[in-house]
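Dear colleague,

Here is the structure I said I would pass on.

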Amino acid sequence: MKKSLIVMVLFLAGASELLSGSYFPYPVNWSGVPFLQNGDYEEALAQWTTGEVSDTSYHFFKLGLLHVRKGNYDEAASKFNAIIERESELAPLAFEQMAFLHTQQKMYSEALGFFGKMFDYTLPDGFRDHIFQNVHDLISLDTSLKTNDSWFDDYKRWEIKMLAVGIGEYLVHCDSLIGSEQWDSLASSLTNTLPLLDSRGRCRAISHLAASLYEPEALTGEFLFSMAKWAHECRHNVIADQLLSSARSREDFSTAVRARDALLLDADIAFGRGQFDRAARLYQNYDRRFGNESRVVMQIARAYRRKGDRASADRWYDAHLRVFPSHASSQEIRWLRAWDHEIAGNYRQAATKYRQIMARSTGRRAQESHLRHALCHYRLGEYDSAVKHLGDFMKKYPRSTFLWAAMFWQGKSYLAQDRNDDAFRLFRNLSRLDPADYYAHRARQIMKEQGEEVSEMKIWATSENPEVHAWLDSISPSSKKPLTRADSLNLRFGAILALQGRPELADIFLGYLERSYHGNLRLQFDLANIYSMAGSEALAFSVARRLAWRIPVEHRENMPVSIYTLMYPTFYSEVITEYARKFEVDPLLVSSVMRQESIFDKLIVSPAGAIGLMQIMPATGRMIASERNEVFEVDSLYSPVLNIRFGTYYINKRLNQFENNKVLMLASYNAGPHNAQRWYNRNKDSEFDLFVEDIGFTETRNYIKKVLGNYWTYQQLSNLPEYSGFGL
C-alpha cells in the first residue's frame, strides 16, 4: 500500500468519531473511502458490509457511488432512489447522481427532470451555478431539451450572464462576430462581458482578439480606449499601445475620451514598456496640465530612477515629500533613502533616517525601521544601543511581525558582548514560541555552533486522531461550540462531495464553515484532512496554513506531527523525487520553494504572469524548453509534471551558477540572477545573517527567509518515522 494511502487510512480510522458528535446530528462512517478512491472496490464493499448501520442514507450513498464506479447503473439507481424515497436531506445529491446515470444512458429528458428537482431545495448560489452548468452541458447534447418549470427561467438568465465563463466558447463566439463583421455586436459583447471575467480570462480574451481590433473603422475610439486600458492592466503593453493609437485615429476620440485620461494611459503604457524617457516626459506634461497627483509624481521619480538619473529622481521625490508629506508613498521615499544610506555603509546617517520614520510614521515600515535602526548600531559595534532599542521595540510592539527578528538580533547583540547566557535564553524562547520560523532555526543553529547543547524542533510524534483532537480542544475552548443543524448539513454535503473527489464543490459548503468557526481548531484540522483526501492540495494547504496561524504561540512547541504534515505537506512527492534525482537537487528544497511560490495551487497565476506550482514565467519556460530541446506551449505550465520538471531544472541551473549557495539560488529564483549577483558582489564579505538582511528587495528578503524556514523544517520532519515524507 502506498504511503499516502496509509496516511489516509490512519486519518479515517477514527472516522465514526471524526465527523460525528457535535459536528453531525447523526454518525457518519468514512471507512472504505480510500479504497473506493483507489479503485479497490471489493475491499471498500467488504468494509461497508461489516460493522456499519446498513439503512442510513449515507450508507446508501456510498454504495451507490461504488456501483457507479463499477458500472452497475441499476444497482446504483436503486440506492439513490432509496435515499429519495426516504425524503432524506441528502436527496439533492441523490437527484444529481440520478441525472448523471440517465445522461450516461442518453435519457436526456429524464436527466433534465432530475436536475430540476434539485431546485426544490435551498442550496448555496455556487452550487446552483454548478447545477446550471450541468444543465448547459446536457442541453449541448440535445438542443431540443426544455421545460416549463420555473427554475428554467433562472437557468436562461444564468446562461446569458455566464456565457463568458467558458472562455474558449466565448472566443469562438467573438471570432464568429469578427468573421461576419458584426462590429457593433462585438463591441457590445466585449463591453458587457469583460468585466465579468476573472483576470486570467480577460487577459486571454484581449490577447486573442487584439489583432482583429486595430483597424475596423466601425469600432469607436471610446471602445478602443477601453480595450487599451484592459490590455495595460493585463500588462499587454504593446497591444495597449497599438489599441490606443487606433483609438486616437477615430473621429469620436477627442469628445468621448477625456484628454487627461488619454495622456495618463499613454504615460502608463510607456512606463510599462520600459520607455522611461518618454514616460517621464508624458507624466510631466500631465503634471503641468492637470496639477499634482501623488501617483503621477511618484511615477516621474521612478521613471528617472529606472533610467539611472538619480539626481532627477531625487528632485521629484523631494517634490512628493513637500506636497504630500503624510502620504504612504512619502513614507516609502523616506524608507528608501534610509536604506540607501545603510547599504552604502553610512550607518550613522541611516540610523538618523530610520529614527525619523519611527517618529513620524505608523504601519509596517515604521516597525521595520526599528529593526533597521538597531542593525545600524549593531554594525557600528554599539551593541548596548542595539540591545536597548530592540528591547524597547518588543515592549512597544509585542504582536509585530518583526518580533522574532527583534528577539534574534537582540540575541546576536548579546553574543557580540560575550553575554552568552542572555543570548541563549532569548534563542530558546524564540525556538519555543515558533519552532518552524526562520529565526528559530537560525537560533538553534547558532547555539550549536557555540557548543551549546540544543534539542531539535520538539514535535509530538502522534498520528492518532483522538489524541490530536483532544489536544486541539484543549487549546481552543471555542471548539466545544456545536454546529447548528444547518451547518451540520453543510458539513455533511461537503463530506459527501469530498468523498466523490469533488473538492471545489465541497468547498462551497465547507469553506463557509471554516470562516464561521475559525476558533474551532479541531474543525480546521478535520477540514484540511478532508480536502487532502478529496485531492485538492491547494485547499488542504490553504486551511492548514490558517490553522497554523490560529494556534497560539504558547502552544506551538511540541505540536502533533499530523498537524505538521498538513502544514508541510509532501504533495506531488513522486514527481518531485523523480526530477530531483534527475537534476541532483534535494527534493525537500523543491517542496520548500513550491510551498512558498504557489501554496500548492497548480493553476495559480501571479500578477506578473508566473504560472503554476513552481511559478514559472512564460519567458523562463521558453528558455528552459530551448535548452532542453523540448516543444513548449505556455499552457503546458499548468501541468504539475512539466512545471515541477522545469522548476527543478531551473533550481539546479542556479545552484550550479552560484556554487550551491542556496541563498543566492533563492534570490535569483525570486528576483533574477542579475540581482542575486549584484547583491553578492556588494555584500559577499558580510556574515550570513547580515547578508540575508541586506537582500535588496523586501519581497525577496522575506521570500528567502520563508523558503529557508520551510527547508529546515522539512529536514527535521523527514527524520520522523511518523511523518509522511519522501522516504529518504
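Does Phe132 count as buried or exposed? At 4% relative accessibility Phe132 counts as buried, where buried means under 20% relative accessible area, exposed over 50% and partly exposed in between, with a 1.4 Å probe and protein chains only.

Before the rest, the basis. This is a predicted model, in which local features need pLDDT of at least 70 and side-chain atom pairs count only at pLDDT 80 or more, while totals for chains, interfaces and linings use all residues. Residues are numbered from 1 along each chain as its sequence is written, and side-chain values use heavy atoms, with hydrogens and water left out.

Aromatic rings

The structure holds 35 aromatic pairs. Rings of Phe, Tyr and Trp (its six-membered ring) pair if their centres lie within 6.5 Å; planes under 30 degrees apart count as stacked, over 60 as edge-to-face and the rest as tilted. Phe132 and Tyr155 form a tilted pair, 5.9 Å centre to centre with 50° between the planes. Phe132 is in helix 9 (residues 125–141) and Tyr155 in helix 10 (residues 151–161), so the pair ties together parts 23 residues apart in sequence. Helices here are DSSP runs (H or I, at least four residues), numbered from the N terminus. Tyr155 is buried at 0% relative accessibility.

Phe225 and Phe253 have ring centres 6.2 Å apart and planes at 70°, so this pair is edge-to-face. The pair links helix 14 (residues 221–233), which holds Phe225, to helix 16 (residues 253–256), which holds Phe253, 28 residues apart. Phe225 is buried at 8%, and Phe253 is buried with a relative accessible area of 8%.

One aromatic cluster is formed by Tyr378, Tyr383, Phe408, Trp409, Phe427, Tyr438, Tyr439 and Trp712.

The charged end of Arg595 sits over the ring of Tyr568, 3.9 Å from its centre (the rule: NZ of Lys or CZ of Arg within 6 Å of the ring centre and within 35 degrees of the ring normal).

Cysteines

With a disulfide taken as a pair of cysteine sulfur atoms within 2.5 Å, the count comes to 1. Cys203 and Cys234 form that disulfide, with sulfur atoms 2.1 Å apart. The torsion about the S-S bond is about -90°, so the disulfide is left-handed. Cys203 is buried at 18% relative accessibility, and Cys234 is buried at 11%. Cys174 is in no disulfide, and the nearest cysteine sulfur, that of Cys234, is 14 Å away. Cys174 is buried at 0% relative accessibility.

Regards

Methods
Helix = DSSP H or I, 4+ residues; strand = E, 2+ residues; numbered from the N terminus.
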